[in-house]
Amino acid sequence: MSTPITAHTFNATPVVRGLIRAGHRVLWYTGRQFAPHVVRTGAIPLAFERAEDFCRGGLERFVATGVIDGLAVVRRLYRDVLVRQAEAQTRDIEEWVNGEPIDAIISDTLMLGAGIAAARTGIPWATIGDGPLLWQDPDTPPFGTGLPPLAGAAGRHRNLTVKRAIDRWLFAGARNEFNAVLTERGLAPVSSLQSAGLSSQLHLQGCTPAFEYPRSDMPPNIHFVGALGPGPGAAPPVPAKFHRVHRTRPLAFVTQGTLRTDLEELAVPAARALTADGYDVLVAAGSAAHKRPAALLSAGGNVCVVDSVDYHAALEEADLFVTNGGYTGVTLALAAGVPVLQAGATEEKADIGARVEWAGVGAALRRTRPSAALIRRTARRLMDSAARRDASRRVAEEMSGYDAATLSADLVAQLVGVRER
């Protein structure tokens with residue numbers, strides 16, 4: 001079960017391919033527009049019937065109106081897009097379960113109906129973590145704050161105080177609605193809405209320990225599986241002129257992800273700063289690729305704007321990754337050993353940026369619209385830093401030992417108690 005937006009659907013790809021490679025049959029419940037991708041993986045697409053397909057206007061309305069920023073909209077997002085879809089998702093899945101011999105339900109952590117369906121049917125449930133780890137302990141800063149770790153009693157007091165405030169003022173209404181759904185179906189209420197989508201049976205976290213805050217009492221159901229994403233070849237190749245063998249300048253790979261489509265936020269100032277500093281710049285612009293601002297065009301051949309590109313191939317070529325902080329791009333950059341310059345404070349971006357700095361693999365600018373001067377100074381500091389180079393090398397070496405497809409398939413099989421067919 002994948003939340004029907006690009007990143008959450010594509011991030012499940014290695015899990016699906018690993019299961020299919022091991023001989024298992026996979027039914028994939030996500031938005032209709034992703035059916036061709038589902039078929040390419042070898043899975044069988046299941047369309048949303050009762051639940052709303054966000055790609056057909058739900059989530060995009062939040063972004064298009066420019067109000068995805070701010071706490072009020074986070075509250076609406078959880079209530080309208082997550083909680084109020086849980087009942088419909090549950091009914092969709094229960095109907096399929098009645099007609100299919102389902103052995104496991106696997107979902108990303110935003111599909112709140114998955115846990116309900118699993119509990120009601122007794123089917124084992126696994127979750128995919130394609131964002132900062134949602135499991136909380138007293139030593140960990142609350143999700144959504146962007147706070148760095150703070151050791152000792154002072155840190156635990158800060159974390160508890162902030163978490164109580166968030167639960168009370170930001171999520172209380174949505175949590176109460178969700179608990180009403182649970183109670184109606186004979187299930188126990190949850191104390192935290194943010195962790196409600198994380199399975200207590202098996203959670204597949206899409207990174208490695210070096211990119212996640214340490215927990216003193218990490219539960220055994222949480223397993224790191226390495227970087228997720230659609231896999232090599234899922235998007236067009238890198239333009240030949242940006243291959244290392246064809247260029248003499250360093251390459252900056254710039255992306256604003258699939259939700260932030262205003263290129264003036266990051267792509268324009270990054271291109272302006274980095275071309276002036278001697279870089280070639282490859283911009284993956286998503287749905288905004290046709291809206292090429294004059295500032296990008298004026299850079300001439302040193303800038304190339306594409307709607308999409310193979311991230312794996314682009315990061316193999318890149319010397320610097322500039323991003324608003326989407327989890328997929330950041331973790332793939334870490335796997336490639338590429339320094340990360342993160343700008344963005346919306347959605348979960350502040351939390352991801354905080355982890356980039358904590359791991360020492362890059363810098364977080366903590367603003368959605370950084371200036372060209374700030375980008376230039378930060379890029380120079382990252383590229384000149386021996387400590388950053390050592391951190392990038394260390395994290396890349398760790399991530400090279402994790403194959404998300406194989407690990408995930410093995411862990412799901414262990415959960416269910418089946419062998420490869």
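Select Thr-328 and Thr-331 first: a polar atom of the Thr-331 side chain sits 3.1 Å from the backbone oxygen of Thr-328. That is a polar contact (a pair of N or O atoms within 3.5 Å; within protein, one must be able to donate a hydrogen and the other to accept it, and residues adjacent in sequence count only if both atoms are side-chain atoms). Bear in mind that this is a predicted model, where local features need pLDDT of at least 70 and side-chain atom pairs count only at pLDDT 80 or more, while totals for chains, interfaces and linings use all residues. Residues are numbered from 1 along each chain as its sequence is written, and side-chain values use heavy atoms, with hydrogens and water left out.

Stay on Thr-331, which belongs to helix 12; helices (H or I, at least four residues) and strands (E, at least two) are DSSP runs, numbered from the N terminus. Its relative accessible area is 1%, so Thr-331 is buried (under 20% relative accessible area; exposed is over 50% and partly exposed in between, with a 1.4 Å probe and protein chains only). Which residues does Thr-331 touch, leaving aside its neighbours within four places in sequence? Show Gly-206, Cys-207, Phe-211, Ala-227 and Met-399, with contact meaning heavy atoms within 4.5 Å.

Now colour all of helix 12 (residues 327–336): it packs on a sheet, touching strand 10 and strand 11 (340–342), and its direction makes about 170 degrees with that of strand 10. Axes here are lines fitted to C-alpha atoms, for helices over the stretch in contact, and angles run from 0 to 180 degrees between N-to-C directions.

Next, bring up the open sheet: six strands in the order 9-8-7-10-11-12, with parallel pairing. Two strands pair if DSSP finds at least two bridges between them. From one strand to the next, the twist averages 15 degrees. At the edges, strand 9 (303–306) and strand 12 (362–364) have a single partner strand each, so one side of each is left without a neighbour in the sheet. Zoom in on strand 8 (residues 280–284), which pairs with strand 9 over four bridges in the parallel sense; Val-281 has Val-303 as its bridge partner there. Helix 9 (residues 267–276) lies across strands 7, 8, 9 and 10, at about 165 degrees to strand 8.

Then jump to strand 5 (residues 202–205). Both faces are covered, with Leu-202 and Leu-204 buried on one side and His-203 and Gln-205 on the other. Parallel to strand 5 runs strand 4 (residues 125–129), joined by four bridges, with Thr-127 opposite His-203. Strand 6 (residues 222–224) is also parallel to strand 5, joined by three bridges, and there Ile-222 is the bridge partner of His-203.

Last, the rings. Phe, Tyr and Trp (its six-membered ring) pair if their centres lie within 6.5 Å; planes under 30 degrees apart count as stacked, over 60 as edge-to-face and the rest as tilted. How many aromatic pairs does this rule give? Seven. Pick Phe-10 and Phe-34: their centres are 5.9 Å apart and their planes at 70 degrees, so this pair is edge-to-face. Phe-34 is buried, at 4%, whereas Phe-10 is partly exposed, at 22%. Finish with Phe-253, Tyr-311 and Phe-321, which form one aromatic cluster.
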